Amino acid sequence: MAEKFALQITNLSVKYKVYEGTLQVIPGLDLFVREGERVGLIGETGCGKSSILKAVASVLPVPPAIVSSDAIEVFGNPIGGRVGLSILRKNVSMVFQDPSTSLNPTLKISTQMMDVLKARFPGKRKSEYRKMMRDGLEAVSMPAPERVLGSYPIQLSGGMRQRVCIAMALIKDPVLIIADEPTTALDVTIEEQILDLLDYLVREKNKSLILVSHALGAVRKLTDRVYVMYAGNIVEFGNTADIFSNPKHPYTIGLIAASPKLTGEGLADGIAGDIISYINVPDGCRFANRCPRVSEKCQTSTPVLENLSPDGSWQVSCHNHNIEEAAL
Amino acid sequence: MTKGYVIVLKKFFIAIAILLVLSFIILGYIRLIPGCPVRLSLGPGIPEDTVIRLRSEMFLDEPLPVQWFYWIVNMLTTGNMGTSLHSLRDVSVDIAIFLPRSLELVIMAAIVMLVFSVMIGTFSALFKNTWLDNVLRILAYLGAVIPSFVFGILFLLVFGVSLRWFPIGGLPTIPVEYTLTGMPLFDSIVAGDFALAGNVFRSQILPVLSVSVGGIAYTSRLHRSSVIEILNADYIAFARVAGVSRKTLILKHLMKPSFIPTLTIYGLQVAFLLANMFLVESIFRFPGFAFYAFSVIQVKDSYGIVGVTLVFGIILAIVNALVDIGVAGLDPRIRLKASE
Amino acid sequence: MNHEIASKKINARSELFRRRCYKFSRNPLSMFGLVIVAVCMLFVLFAQYLVPFPDDAQLTTHMTKTFQAPSLEHIAGTDEFGRDVFSRAMIGLRYSLLTSIIVLGLSVPFGVFLGLIAGYYRNTWIDSVITRFTEMFMAIPTLVTAMVISALAGGGWFVGAVAIAVSWWAWFCRLTYTSAISVSNELFVVYAELSGVKVIRVILQDILPNISAPIITKISLDMGSVIIIAASLNFIGLGVQPPTPSLGAMVATGISYLPQQWWMCTFPAIIIMLVVLGFNLLGDGLGDALTLEVK
């Protein structure tokens with residue numbers, strides 16, 4: 001039985017041409033999301049998560065970005081070209097990091113939602129659109145949807161704006177939702193609500209989801225599978241439960257250990273050092289300068305993803321992933 | 001909402017008050033020039049009692065504050081703005097004759113400027129770093145560094161003298177019975193005399209173009225960078241991913257916010273437009289307000305100068321108020337803040 | 001310890017300066033602007049020695065040489081009195097530049113000073129007095145104010161320059177005021193104020209350096225704008241009085257000899273264009289380089 005992929009990326013590369021030279025942000029990356037699957041993408045700031053998502057959504061500013069890939073397919077349809085773009089726009093939605101900048105400050109919420117509906121479901125009557133918008137806002141448990149529709153973004157709080165964004169992302173009935181750190185800019189108390197809402201909506205309507213978040217707890221709770229990224233590369237991916245309980249890549253181990261716990265063990269350790277510069281990327285493993293298990297081989301040869309499980313659902317890219325913690 | 005208009009109105013009245021203070025300073029300054037201004041402008045052949053009568057009519061024998069006070073009271077009660085020594089008519093009569101002619105040009109130029117700068121700026125930004133953008137940018141750069149009088153001469157030579165498409169200057173005479181607003185094109189259209197309207201329009205085209213080219217160049221450059229900034233905004237990317245159609249995105253989601261900074265600069269450019277009328281009217285020998293203003297300034301006619309500066313100031317204040325209202329209308333952030 | 005920090009600060013500053021110079025020099029247009037401006041400055045200082053016929057700047061006549069087309073001897077031809085158009089234009093350019101320098105020399109210190117005071121004492125009576133005072137000079141278009149003043153006070157390039165400066169400073173005041181207000185709300189200024197640093201030091205050390213970029217950019221752009229305004233003033237017969245040459249008046253005279261003696265009008269117009277272009281390119285380059293910050 002052939003598996004159905006909501007999204008399949010093969011050998012995606014993203015470069016940025018800047019004043020200092022060319023930044024090799026994503027050297028070549030494969031990623032897939034099955035239909036109805038919820039996938040997490042974790043890694044520290046600047047590792048290229050947003051670049052991937054924006055490249056998929058075709059909203060990276062070109063130039064300075066240079067995007068190339070063997071294939072990016074949404075339900076088997078390549079996204080390039082006019083037809084591909086319209087399939088992409090129909091099926092993929094994205095929720096951005098900062099709700100205070102992702103809504104147009106000069107247009108009413110109703111206008112912004114209406115323009116999405118008009119493009120997706122053309123030729124309906126105004127009252128029908130109005131009802132769809134009201135239902136869309138009620139679905140994200142927005143109090144007083146009529147009042148919100150008549151408001152400008154500045155009149156809404158951060159949490160309400162993010163609800164509006166989620167409503168706008170869902171209103172066109174997409175198959176895949178990309179959530180790029182949807183709660184980073186929000187208060188902790190609101191964060192929980194928004195994540196629960198997202199979780200509920202995705203499960204309820206059987207959507208596929210890519211969730212990028214620094215809140216590892218949320219990723220653990222919301223997703224089936226997780227990709228770990230470091231400096232533009234996937235260093236490990238597999239089932240969420242496996243990765244969190246038994247991480248193999250030294251970066252994953254460090255990342256999970258660094259997430260603060262509420263158990264009173266004090267501050268987490270973190271990983272020493274900085275992410276490498278994307279100009280003149282050296283040969284070998286991109287994590288070598290910070291890795292506790294670094295060996296000679298890591299400086300010269302670039303590791304590739306190896307199977308950890310026989311069916312290839314769990315893979316890691318590290319020369320030394322077999323070394324036991326105790327041996328350090 | 002209402003409070004926003006109160007702020008705009010308040011600003012407008014402050015501007016008027018400032019203009020009245022300025023008129024006091026101008027009247028005082030002209031008094032410092034030695035010699036009797038009436039005698040100087042009428043010449044020695046005029047009998048002494050005429051001069052004395054005119055002097056007292058013009059309150060020149062009173063102390064300065066009294067003269068100023070009478071001038072204001074006179075203006076508010078009868079609408080008279082003092083006798084011009086240049087035309088020997090009341091300044092308000094002169095303004096009524098000359099101002100509408102120029103005002104029509106200014107309004108036409110302002111519309112031309114707005115339409116072209118927004119169009120050119122948007123195209124340039126959407127086709128950023130293509131040959132089209134580069135050509136438009138070079139033209140805009142050149143347009144902004146060439147003085148308007150050079151454009152005037154250029155257009156006069158090319159389209160007036162060489163190609164003979166348009167008259168080389170002046171303005172067709174408008175019959176007295178047509179006079180309604182004093183604006184030649186408007187009046188002749190209202191009177192139904194389309195042949196005359198056509199001629200008037202032909203004589204207006206070159207002045208309008210030469211006075212607006214510089215403003216188009218400058219404003220379109222600014223609008224380009226404003227559009228580019230908004231193009232990179234998160235909410236445009238979000239609207240694109242959400243699936244808003246390209247046409248709606250450009251005409252609504254992009255146009256509205258990018259026009260806010262442009263509008264402020266546009267207001268300033270309209271002010272420049274007023275001043276540049278001096279050059280263009282002199283090149284095209286256009287009998288307009290700047291032409292009149294230049295005459296009264298040269299003969300140091302006190303009420304004429306005060307009246308002319310007052311008119312320029314009021315137009316500027318109106319333009320500023322319109323820009324304020326426009327910005328508030330476009331930007332809910334400002335509108336909501338003002339009504340708090 | 002303190003010494004170390006201080007030297008680090010200096011290093012960071014010189015590094016920033018180096019990067020800014022580099023960014024500026026990488027843009028060929030900015031360098032082109034710089035060259036034009038440098039050549040202009042040479043003419044301001046040494047126009048008398050650089051032009052072939054310095055005497056033609058005055059009321060000399062060479063009846064045998066009138067209306068000569070451009071040639072090797074007179075690269076821009078001669079005018080109705082047989083005077084060398086190139087020499088006259090370059091000397092006229094000198095007056096234009098002197099006008100710009102006087103206008104900005106008067107209006108920048110005055111406008112920036114008042115703007116800083118008003119910005120620092122924002123929302124007090126000092127602010128409103130200065131703001132009203134500034135608005136008074138912005139109430140009428142600059143060219144109109146300059147015309148009225150130079151017509152009433154008499155001719156000469158210096159009177160013309162002062163007449164332009166009378167309303168020009170207000171724009172610097174406004175720019176400084178708005179920039180100063182946004183900087184004053186920054187935490188480092190608030191912190192300096194709270195820790196009891198003297199007002200004058202806060203203004204000079206914390207506020208002024210942080211708003212200098214837009215002011216410097218505006219100065220360069222305005223050098224060009226003043227040249228246009230001054231040329232416009234001369235064009236309608238105010239400011240510099242004949243026989244002293246001025247670019248605007250040369251264009252105005254040239255019109256009556258068009259199109260046969262095209263060089264009389266064209267050459268001064270091209271000079272105006274080139275110089276203003278130079279200052280604009282320089283200003284844009286400076287603007288780009290100065291907004292560059294250390295990462």
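**A sheet and its surroundings**

In chain A, eight strands make an open sheet of mixed pairing, ordered β7-β8-β9-β3-β10-β11-β13-β12. Strands here are DSSP runs of E with at least two residues, helices are runs of H or I with at least four, and both are numbered from the N terminus; two strands pair if DSSP finds at least two bridges between them. At the edges lie β7 (92-95) and β12 (306-307) of chain A, each pairing on one side only.

This is a predicted model, in which local features need pLDDT of at least 70 and side-chain atom pairs count only at pLDDT 80 or more, while totals for chains, interfaces and linings use all residues. Residues are numbered from 1 along each chain as its sequence is written, and chains are lettered from A and ligands numbered from 1 in the order in which they are written.

Look next at β8 (residues 176-180) and β9 (residues 208-212) of chain A, which run parallel and are joined by five bridges. Within this pair, Ile177(A) has Leu209(A) of β9(A) as its bridge partner.

Stepping back, chain A has 11 helices and 13 strands in its secondary structure. Its C-alpha atoms fill a box of roughly 70 × 50 × 50 Å along the principal axes.

Finally, turn to the other chain: 22 residues of chain B are in contact with 28 residues of chain A, where contact puts the C-beta atoms, placed from the backbone, within 7 Å. On the chain B side, α10(B) gives the most, with eight residues.

Note on methods
Contact = placed C-beta atoms within 7 Å.
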